[in-house]
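Please look through the model below with the sequence beside it.

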Amino acid sequence: MNGTYYPNPTFPSNMNFVPEQEVSTNTNMPMEQSYIENILRLNKGKKAKVFCSFPDSNEWRDRIYDGIIEQSGKDHLVMSSPERGDWYLIPMIYVNWVEFEEPINFKVF
């Protein structure tokens with residue numbers, strides 16, 4: 001064992017390939033997909049404040065990211081801060097809520 005709870009994983013020898021991934025830029029969401037990441041995607045380019053909590057960190061327990069929504073996926077949010085020149089990749093699991101300074105685009109089903 002490697003000193004942790006999980007033993008070292010073993011993989012089949014034919015696992016040296018990278019599967020192709022399909023990337024969709026379609027913003028026409030089916031009705032059943034009114035998820036946070038899709039609402040954020042519909043508001044790409046808007047200024048927002050993202051409130052996050054990192055429960056396992058003493059230094060970064062609660063944090064607010066202020067900037068422009070660049071991209072959103074199922075498990076992440078990408079924001080930029082034009083004033084500071086910073087870019088943020090935020091795992092969705094840490095996002096508590098998002099505030100916008102203007103009306104947002106969303107689909108009502």
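Strands β3 and β4 form a hairpin with four residues between them, and G85, which sits in that turn, has a positive phi of about 80 degrees. Strands are here DSSP runs of E of at least two residues, while helices are runs of H or I of at least four residues, both being numbered from the N terminus.

The model is a predicted one, in which local features need pLDDT of at least 70 and side-chain atom pairs count only at pLDDT 80 or more, whereas totals for chains, interfaces and linings use all residues. Residues are numbered from 1 along each chain as its sequence is written, and side-chain values use heavy atoms, with hydrogens and water left out.

The protein has one helix and five strands, and along the sequence these follow the pattern α-β-β-β-β-β. The strands make up an open sheet of five, in the order β4-β3-β2-β1-β5, with antiparallel pairing. Because β4 (86-91) and β5 (95-100) stand at the edges with a single partner strand each, one side of each is left without a neighbour in the sheet. Neighbouring strands of this sheet are turned by 40 degrees against each other on average, direction ignored; the axes are lines fitted to C-alpha atoms, for helices over the stretch in contact, and angles run from 0 to 180 degrees between N-to-C directions. Further inside the strand order, β1 and β2 pair in the antiparallel sense over seven bridges, and the bridge partner of K47 in β2 is I68.

How many salt bridges does the structure hold? There are two, a salt bridge being a side-chain nitrogen of Lys or Arg within 4 Å of a carboxyl oxygen of Asp or Glu. In one of them D66 pairs with K47, the closest N and O atoms being 3.1 Å apart. Since D66 lies in strand β2 (residues 62-72) and K47 in strand β1 (residues 47-53), the pair ties together parts that are 19 residues apart in sequence. D66 is partly exposed, with a relative accessible area of 32%, and K47 is partly exposed as well, at 25%; buried means under 20% relative accessible area, exposed over 50%, and partly exposed in between, with a 1.4 Å probe and protein chains only. The other salt bridge joins R84 to D86, with the closest N and O atoms 3.1 Å apart. Here R84 counts as exposed at 59% relative accessibility, whereas D86 is partly exposed at 26%.

Leaving out residues up to four places away in sequence, S81 is in contact with D66, D86 and Y88, where contact means heavy atoms within 4.5 Å. S81 is buried, with a relative accessible area of 3%.

In soluble globular proteins, nonpolar side chains tend to be buried together. The largest nonpolar core of this model has 13 residues, of which V50, C52, Y65, L77, M79, I90 and V95 touch the most other members; such a core is a set of buried Ala, Val, Leu, Ile, Met, Phe, Trp, Tyr and Cys residues joined through side-chain atoms within 4.5 Å. The elements giving two or more residues to this core are β1, β2, β3 (76-81) and β4, and the largest share, three residues, comes from β1. V95 touches V50, F51, C52 and I90, not counting residues up to four places away in sequence.

In the loop between β1 and β2 lies F54, which counts as buried at 14% relative accessibility. Apart from neighbours within four places in sequence, F54 is in contact with W60, R61, R63, Y65 and Y94. The C-alpha atoms of F54 and V95 are separated by 9.0 Å, although these residues are 41 apart along the chain.

For the protein as a whole, buried residues make up 25% of the 109 residues. Among contacts between residues at least 6 apart in sequence, 48% join residues at least 24 apart.

Technical notes:
Pairing = 2+ DSSP bridges.
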